[in-house]
Structure formats: structure tokens, C-alpha cells
Amino acid sequence: VTRRTLEKLVMECLLGIAGRDFVVFASDCTAAHSIIVVKDNKNKMVRLDDRLVLLISGEPGDTTSFGEFIQKNVQLYKIRNGYSLSPHAAASFTRQNLAKALREGPYTVDMLIGGYDEHDGASLYYLDYLGTMAKVPYTAHGYASYMTLSIMDKNYKEGLSETEAVDMIRMCIAEVQKRLIINLPKFNIHVVDREGVRTIDDEKMET
């Protein structure tokens, strides 16, 4: 993994907050190459199942190929076995493939995996390009984590409502757009709960 590819990872922003029965995600919509913004409407969410989501950032080729690889294998498991993978099982499968690829041809991707399971409720998992995996109540990827984790530390509480979580995500987005030298003008916010996956709205920078 080169320094340039690592710099690509930290330029992007992924955010996640887990409640008792929901997970709120946010991702920036910027796709860039070198110093050029290629597009500003990129969707970095991969829908793995009806109530299971993967957010992925990194090298464009890696995010597409690895994201689709995980998505298709999760769907194949459901077809073969007649039931869906839990968020923990999907995260473990993803981590296993990341760790295996480290020794063959590493994927330069950071990810968040989260969803709702009837037995365990909602859960959120942090994964990075080195194959690290951790179950967390809230997390962030990229330089944006320097500005947002303190906001989450201060405002997160057990049993917070979906509205409180979405408001916290919006606070984090506003702070990133105010403090970070990198221009991330637009974000997508997604919620996963018992009812499935839905998009809240697009957060645009005020001009």
C-alpha cells in the first residue's frame, strides 16, 4: 500500500452511530482523482441485504470490486441457506477476506458495516484496510474523525433516539465542512432499522 493510496483513504469521510434498534450512516459524495474532483454525487453505500449496509471508501477500483464481492457473497449465502447473515457474521466474513488479501493483493478500503438483526438488535462495525474489526457504538473514518469523534463522545448516550442520532450526524457534517481544509460539500445520510434501509436526505453545504 503506497503513501498516495493511504492519503486517498483519509480524504474521504464515513460516519456511523448505532442505537438500540437502528444505525445511522453518513458518507461524503465526492469522488476525486489526484487534485481533481471527478464527481460530487457518488453513493458510497452498498446494500448487502434488506437490513444490512456496507459503507466503503478508498481507491475507486478497490471499492467497486471488493464492495460487489462482499455484496454478491452475502446474497449467495442467503440463497444457499435460506436465511440472511447477521451484521456480525457479515463483518467477520468481510474482515476475513480483507486479512487474506493483505498477503496476496491488498484492498485499499475502509468500511463501516451495520444493520438490524431480530436476535441482537442493531449493531455497527468498524473495519479498516489492515483487516481490523471492532464493534462500536459510533465511529468515523478519514481526517474527519479528528473533528467528529469528540462530538460523538460528548453527545452519545445509551438509548438515544433516531432523531438524536441524525441530529448528531448533522452536527458532525457541519463541523467537517467548517473545519476541514478538504472540500466535502455534500453528504448522504442513511438509516437502517427493522423496516429496512432508507435515505434521510442529502446534506449540502451552505453557501
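This note goes through some strands, a helix and several salt bridges of a predicted model.

1. Strand β8 and its cover. Strand β8 spans residues 121-127. Six of its seven residues are buried, so the strand is mostly covered.

2. Pairing of β8 with β7. Strand β7 takes in residues 109-117 and runs antiparallel to β8, with seven bridges between the two. Within this pairing, Met-111 is placed opposite Leu-127 of β8. The two strands make a hairpin, and three residues separate them.

3. Pairing of β8 with β9. Strand β9 is made up of residues 133-135 and is joined to β8 by three bridges, again in the antiparallel sense. Tyr-126 has Ala-134 of β9 as its bridge partner. Here too there is a hairpin, with five residues between β8 and β9.

4. Lys-44 and Asp-28. The model holds 10 salt bridges. One of them joins Lys-44 to Asp-28, where the closest N and O atoms are 2.8 Å apart. The two residues come from distant parts of the chain: Lys-44 sits in the loop between β4 (36-39) and β5 (45-49), while Asp-28 belongs to strand β2 (residues 22-28), and they are 16 residues apart. Lys-44 and Asp-28 are both buried. They are also part of a network of salt bridges in which Glu-12 takes part.

5. Arg-51 and Glu-118. A second salt bridge brings the side chains of Arg-51 and Glu-118 together, at 2.9 Å from N to O. Arg-51 is in the loop between β5 and β6 (52-58) and Glu-118 is in the loop between β7 and β8, so this pair ties together parts of the chain 67 residues apart in sequence. Arg-51 has a relative accessible area of 25% and is therefore partly exposed. Glu-118 also counts as partly exposed, because its relative accessibility is 46%.

6. Arg-198 and Asp-193. These residues form a salt bridge as well, and its closest N and O atoms are 2.8 Å apart. Arg-198, with a relative accessible area of 32%, is partly exposed. Asp-193 is buried, with a relative accessible area of 10%.

7. Ser-27. This residue lies in strand β2. Its relative accessible area is 0%, so Ser-27 is buried. Apart from neighbours within four places in sequence, Ser-27 has contacts with Cys-13, Leu-14, Lys-44, Leu-55, Lys-186, Phe-187 and Asn-188. Lys-44, in this list, is the residue that forms a salt bridge with Asp-28.

8. Length of helix α2. Helix α2 covers residues 60-81, which is 22 residues. From the first C-alpha to the last it reaches 32 Å, close to the 32 Å expected at 1.5 Å a residue. Gly-82, just after the helix, takes a positive phi of about 85°.

9. Which residues of α2 are buried? They are Asp-62, Thr-63, Phe-66, Gly-67, Ile-70, Gln-71 and Val-74. These residues cover an arc of only 140° around the axis, so they lie on the same side of α2. Ile-79 and Arg-80, on the other side of the helix, are exposed. The cover over the buried residues of α2 includes β5, β6, α3 (87-102) and β7. Of these, β7 is the strand that pairs with β8.

Note on methods
Residues numbered from 1 in each chain as written. Predicted model: local features only at pLDDT ≥ 70, side-chain atom pairs only at ≥ 80, totals over all residues. Heavy atoms only, no water. Buried < 20%, exposed > 50% of the residue type's maximum accessible area, 1.4 Å probe, protein only. Helix = DSSP H or I, 4+ residues; strand = E, 2+ residues; numbered from the N terminus. Pairing = 2+ DSSP bridges. Salt bridge = Lys/Arg side-chain N within 4 Å of Asp/Glu carboxyl O. Contact = heavy atoms within 4.5 Å. Expected span 1.5 Å × (residues − 1). Arc of directions from axis to C-beta.
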